[in-house]
Amino acid sequence: MNHQTVEAVLLFLCALSIWAWLIKPAIPPLQSLTRGREILHRIYRKQLRDNQVYVLRGVFGNSIVLPPSMLQWLTLQPESHLSAKAAQMDALNIPITFLRPEIGLDPVHEPLIRRNLTANLDSIAGDVWEEVGLALEDLWGQATDSWREVNLDDTVRRVVARAANRVFVGDTLCRDNDYIESSIRFVTRVSICGLLINLFPNWLKRPMGFVFKTPVQMAYSRCAKHLLPVFSDLTLTDPHLFTSWLVSNSVQYPRSSPERTPDFLSRRIMALNFAAIHTSTLTACNLLLDIFSHPPTVSLLRDESLASSARWGKTWKRARFNQMSRLDSALRESLRLWGLVPKAMSRKVMQPDGAILPDGQRLPQGTTVCISGWGLHHDEGIFPQPFEFVHDRFMRAEEEVKEQAEGVKKSAAAETNEHFVAWGIGKHACPGRFFAVDLIKIILAHVLVDYEVKFLGERPGNIWIEYNVLPPPSATLSIRRRV
Ligand code: HEM
């Protein structure tokens, strides 16, 4: 077990025992900790019959699950009534864990993801390809004559962190081991501490928050040591780096605004790391586990990647991504099976007089609503064989692929619709999904072309922590570099 896992387990047990024995002794829903999957599935099946809302009790907080028929209505609600931001703030206690609440409350980096990052996908893909290749060589080695057992989560997390930071901060810092390790530590601590604070009643959150802030602050200080000098003269010129977009964007603020300080700009980079590293790592790990436990799928995907390499070499353009429609479908299928938000589309009721649902029920201010993303993604009526990994379930017809290869249309894996909520839907749908999809495809293309991977007899089971699902942190792959 690595030190981060130990740290996580200890913190979790410590907070849970305080909560369970001293603070909330009368509350029973500990069963949700291990049975989140069954609970979400059961609720969804009942809702298909009765179209009712259900209370979802949880150790980390309660929510109201809306039936799937209310999903469209939910996406149309204004932020002032049903707020995605407020729900995110609560779920991860961002005002406490992000150390400066403004970073979460006023996410000025988000339009830059939507605008600059997405517009530059083709210009940065070559850099991402190079960085993923170098990171894999460092972490998985280059020996062609012996097999090596690698921990999947540990190594993929570092590949993701390095490749994403190639785009966020450039090739010098993204290869600085101390910066990458500190960033991973920051992201892990924000996630764990943010969740754990929810074990405490509201009146205790602030004082306890002070305790949980300390490990986050320590990790951030270490990242800041590397980031602050990057922003020291505020004259960054590389047009393909997020640091430059942040600096250019900051000039709209008055000179005295904290948004123009190296400290705030550094914190914005850490907000990006927070949004990108954990999510992309878990998604890539799930996909690798799904693929390498299905031998026939591997050879089909490898053939596609080899053909793509033969045709395009080191060039990565939209047309190349679009032509890899088998990999695109496999990624979407893996996201359908294991999407990171089984409890999807969380929104908080903001108005003092509450929110009126389409069926006339009123929910009080402060309630959090969601839908059962797990139930929806495993609805047999929509996805036959819902628990099987059918890698080509979403594969597009050849003519459609050809049409897209000539145009600029983005990958189908990144599309959102009322049957697919792994990215959310509507105006809060993940703005980083186009980048995440490209990054994960590039990782897979490298693995399929450059490495031999021994098949997993059976796919290692994912673990559930209440209504969160993740690939087993101890899963390993046996790999060998191809000659
Ligand atoms: C496979 C990787 C990823 C997954 C599965 C994922 C998933 C999600 C989901 C489910 C949401 C919430 C949507 C909602 O509540 O409606 C979200 C929001 C968000 N994601 Fe991602 N994400 C990923 C990668 C990224 C990356 C790489 C970035 C940044 C570069 C990013 C930035 C964001 C931001 C800023 C939000 C908040 C959007 C808002 O509230 O308007 N994500 N993501």
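## Terms and model

Helices (H or I, at least four residues) and strands (E, at least two) are DSSP runs, numbered from the N terminus. With that in hand, let's look around. This is a predicted model, in which local features need pLDDT of at least 70 and side-chain atom pairs count only at pLDDT 80 or more, while totals for chains, interfaces and linings use all residues. Residues are numbered from 1 along each chain as its sequence is written, and side-chain values use heavy atoms, leaving out hydrogens and water.

## Around the ligand

There are 25 residues around the ligand, and Lys85, Gln88, Arg347, His428 and Cys430 come nearest (a residue is near if one of its heavy atoms lies within 4 Å). A polar side-chain atom of His428 sits 2.7 Å from a ligand oxygen atom. For Arg347, an N or O atom of the side chain is 2.9 Å from an oxygen atom of the ligand, and for Gln88 a polar side-chain atom lies 3.0 Å from one.

Helices H4 (84-92), H7 (109-119), H13 (262-291) and H19 (433-450), together with strand E5 (343-349), each give two or more residues to this shell. H13 provides the largest share, 5 residues.

## Strand pairing around E12

Strands count as paired if DSSP finds at least two bridges between them. Strand E12 (residues 476-481) pairs with strand E4 (residues 148-151) in the antiparallel sense over 4 bridges, with Arg148 opposite Ile479. E12 also runs antiparallel to strand E9 (residues 451-453), joined by 3 bridges; here Tyr451 has Arg481 as its bridge partner.

A salt bridge (a side-chain nitrogen of Lys or Arg within 4 Å of a carboxyl oxygen of Asp or Glu) connects side chains of Arg480 and Glu452, at 3.2 Å from N to O. This pair links strand E12 to strand E9, 28 residues apart.

## Other salt bridges

The structure holds 24 salt bridges. In one of them, Asp122 meets Arg318 with the closest N and O atoms 2.9 Å apart. The two lie in distant parts of the chain, Asp122 in helix H8 (residues 121-140) and Arg318 in helix H15 (residues 318-323), 196 residues apart. Asp122 is partly exposed at 32% relative accessible area, whereas Arg318 is buried at 6% (buried is under 20%, exposed over 50%, partly exposed in between, with a 1.4 Å probe and protein chains only).

Asp153 and Arg157 also form a salt bridge, 2.9 Å from N to O. They are 4 residues apart in helix H9 (residues 152-168), so about one helical turn separates them. Asp153 is buried at 12%, and Arg157 is buried at 7%.

Key. Polar contact = N/O pair within 3.5 Å; in protein donor to acceptor, adjacent residues only side chain to side chain.
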